[in-house]
Protein chains: 2
Amino acid sequence: MSLTGNAIIGQSGGPTIVINASLVGAIQAAWDLDEIQHFYGAIHGMDGLLNEQLCDLFREDPDVVEAMKLVPSAGLGTSRIKPKEQDLERAMEVFRAHDVRYFFYTGGDDSQLACHMISELAKSSDWEMRVVGIPKTIDNNLVVTDCCPGFGSAARYAALCCQYVGRDAEAFGTLEVVEVMGRHEGWLTGATSAARPEPDAPPHLVYLPEVQVTRQQLISDVQEVYDRYGFAVIAVSEGFAFAGEDQSTTSDKVDEFGHSRLGGVAQWLGDVLEEATGVRARNDKLGNLQRCFAATTSQVDLDQAYAVGRTAVEWAVDGQTDIMITIERENDDPYQWECGATSLMTVAGESKAVPREWINEAGNDVTEEFVTYCKPLLVGRACELDPGFSSLPKFSLHVIETKLDAYER
Amino acid sequence: MSLTGNAIIGQSGGPTIVINASLVGAIQAAWDLDEIQHFYGAIHGMDGLLNEQLCDLFREDPDVVEAMKLVPSAGLGTSRIKPKEQDLERAMEVFRAHDVRYFFYTGGDDSQLACHMISELAKSSDWEMRVVGIPKTIDNNLVVTDCCPGFGSAARYAALCCQYVGRDAEAFGTLEVVEVMGRHEGWLTGATSAARPEPDAPPHLVYLPEVQVTRQQLISDVQEVYDRYGFAVIAVSEGFAFAGEDQSTTSDKVDEFGHSRLGGVAQWLGDVLEEATGVRARNDKLGNLQRCFAATTSQVDLDQAYAVGRTAVEWAVDGQTDIMITIERENDDPYQWECGATSLMTVAGESKAVPREWINEAGNDVTEEFVTYCKPLLVGRACELDPGFSSLPKFSLHVIETKLDAYER
């Protein structure tokens, strides 16, 4: 059933290397669809929506839009606001004021929950609109979907880092601890192992938050690898903790979602290992670069990010609502996939850990099943945007006039 | 004057992305020269030399040798030994035992000093040999030479990181502090600014160890940038300290050269800035990846690394000794250079800071002169070795028989 009006799209949560590709997919789909008259970007996600900070995406230069596919991080700005009841009502006011009939929101499980709440509120009101979530997270922890756009490129970067830093550790004959993003799920950490070209390539040991090992076990694992190769590379999730011990590296500060800030586990674990083994231990925290280092983007990830953005718009206009677009795997090797959809309720606030059977019994590596799943997501490289340090493209963000009173949160 | 015999080459100090290219240049030059009968690699640099851990480089597969050009870190292993008097005498014994008439050593100022000491000892003995230093350091602090192989690629990586992480900070509207390697010299930190495509691109502020600023000044600099752009990226050298305050982030541990281990300044400074400005501050320490992330190698750097290795061997066979190969700049734009040489004594143990006039008066950015100097060293990208995660090539390291008693250091 045809629904004509305006659309809003927002980007939420931690940015990724390919989140703009989803936005570009959405914009380019909307260009050809009469049902979307104006396409607005919410500047800084939920913040922009609530404060009516909206920009006119159809006024962006089409060449810039195309080029933004390869630009990392959220080109509209992002937000970590968790909307409350009154925020949702405000959102509805904004939708009405700007004749918004389509809302697209790109994010992880917290953001899909926000999306779902908006969808529910819209359904219970007399304002007909369609709400579609676009998946995004380097953590790869959304349920239902085969994988999450953003993960493959982050995984590719993390895996390359482990390969390269392995040569550095080998040259010195040292231990090297690499800290990979991931609070409760070890997808990204496991990916560094999945990319190994042969079994003795680094990282030699990977510890995912899904399985805890004892201090004694880990030290013994590391000693064994070091005795065999004369060096050792260990990848750990930032949420790492020894079995039976408190997380040692949690900061007392919290982020905007109320999660404690993590980081520092590699340095801490390096010190533990150096003391236990007597071997010099170095460490690297891959940090924010995992979600923005665009020079080594995964081609599959880029393609999927674009596709979920494009599909979200097309399917919404076709009449679907209250869904998140998913990736459905058709075949492992060669990797084949297509877009699917699932109801927002199935994904909102849910998260998917690495299955126990995809982690080996010792809890220090992933299994072949994990490798089969993960490797196709990261092996191919997209072209690099900017080998010559010319300016990174940027949206102009033509802000439209507000129609409501300022919002006090 | 023709001198025929064997040769030893070693790699020393912190590895770089292109140090193997110098080794490959040396090997490939030696293939065609009758004067070098056997070419040995010292495994783990000075350690290997003293312990007679030598491998036969002419037995390496020529295809592997060629491929090693693009493999980061020291393929022969590295060492941070500072040789003492008795070590030098032992080295001479090894040279005599293996009929070594050529010694090549790839490293920074400490390593060139070791090289010089060996050269002096050889001169004062009856053992005719030629000693040539090959420059290498991501710190870019060797004197005389225009630049140091290893710097351009490290600088390219660091600059890319700042560009990308800038988009991440912009998306959130946060402060971002990036920690770049450099104890006493700010070449690498300055390079992140030199690569900026336009004046308002990140990093907005760079602090080099050559000029200290007060706490108040830095906070005011950052506040000003944040007020203008709504985010700010600040690059600091790991040796950063406020004027009039002690270095806050020095570890009580020391490295093999007796230098205190650095690191953590970005996190510390981020906390300082967050408290002072009330704006969330993130941080990234670029760490060991600066010297091994080979996916974004600088082409000029790769070419120069190869050339200094090749030239070292050619000029030694031509009769030169007690020199380090240098890069001589012929023209800034287009950048033109050729290899030159300087006596080891001029470079041994010396280091070159960024000239004060290449840093702006406020001490928070580099000047146009710095940009003119630096930009050509990092703008062009070499081809990537391994976009598909196939195995990284590796030397076979065919170890030769020892001829001396074991060495007790």
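The side chains of B:R291 and A:D168 meet in a salt bridge, with N and O 2.8 Å apart. The structure is a predicted model. Between chain B and chain A the count is four salt bridges, and over all chains a search of the whole structure finds 34. The two chains bury about 5300 Å² between them.

**Polar and charged pairs across the interface**

- The salt bridge of B:R291 with A:D168 joins chain B to chain A, where the count of such bridges is four.
- Across the interface of chain B and chain A, 24 residue pairs are in polar contact, both residues of each pair being at pLDDT 80 or more.
- On the side of chain B that touches chain A, at least two residues each come from α6 (151-172), α9 (265-277) and β9 (281-285) of chain B.
- With 13 residues, α6(B) gives the largest share of that side of chain B.
- Sorted by residue class, the side of chain B that touches chain A has 27 nonpolar, 15 polar and 22 charged residues.

**Extent of the interface**

- In chain B, 64 residues are in contact with chain A, and 64 residues of chain A take part in turn.
- Carbon and sulfur atoms give 51% of the area of about 5300 Å² buried between chain B and chain A.

**A salt bridge within chain A**

- In chain A, A:E170 forms a salt bridge with A:R167, and the closest N and O atoms are 3.8 Å apart.
- Both A:E170 and A:R167 belong to helix α6 (residues 151-172) of chain A.
- A:E170 and A:R167 are three residues apart, about one turn of the helix.

**Packing of α4 and α5 in chain B**

- Two packed helices are described by the angle between their axes and the distance between the axes.
- For helix α4 (residues 85-97) and helix α5 (residues 109-123) of chain B, the angle is about 65 degrees and the axes are 10 Å apart.
- The crossing in which α4(B) passes α5(B) is right-handed.
- From α4(B), the residues B:L88, B:E89, B:A91, B:M92 and B:F95 meet B:M117, B:I118, B:L121 and B:A122 of α5(B).
- The residues of this contact between α4(B) and α5(B) comprise eight nonpolar, no polar and one charged.

Notes
Residues numbered from 1 in each chain as written. Chains lettered and ligands numbered in written order. Predicted model: local features only at pLDDT ≥ 70, side-chain atom pairs only at ≥ 80, totals over all residues. Heavy atoms only, no water. Contact = heavy atoms within 4.5 Å. Buried area = accessible area lost by both parts, 1.4 Å probe. Polar contact = N/O pair within 3.5 Å; in protein donor to acceptor, adjacent residues only side chain to side chain. Helix = DSSP H or I, 4+ residues; strand = E, 2+ residues; numbered from the N terminus. Nonpolar A, V, L, I, M, F, W, Y, C, P; charged D, E, K, R; others polar. Axes fitted to C-alpha atoms, helices over the stretch in contact; angles between N-to-C directions. Left-handed = near helix turned anticlockwise from the far one by under 90°.
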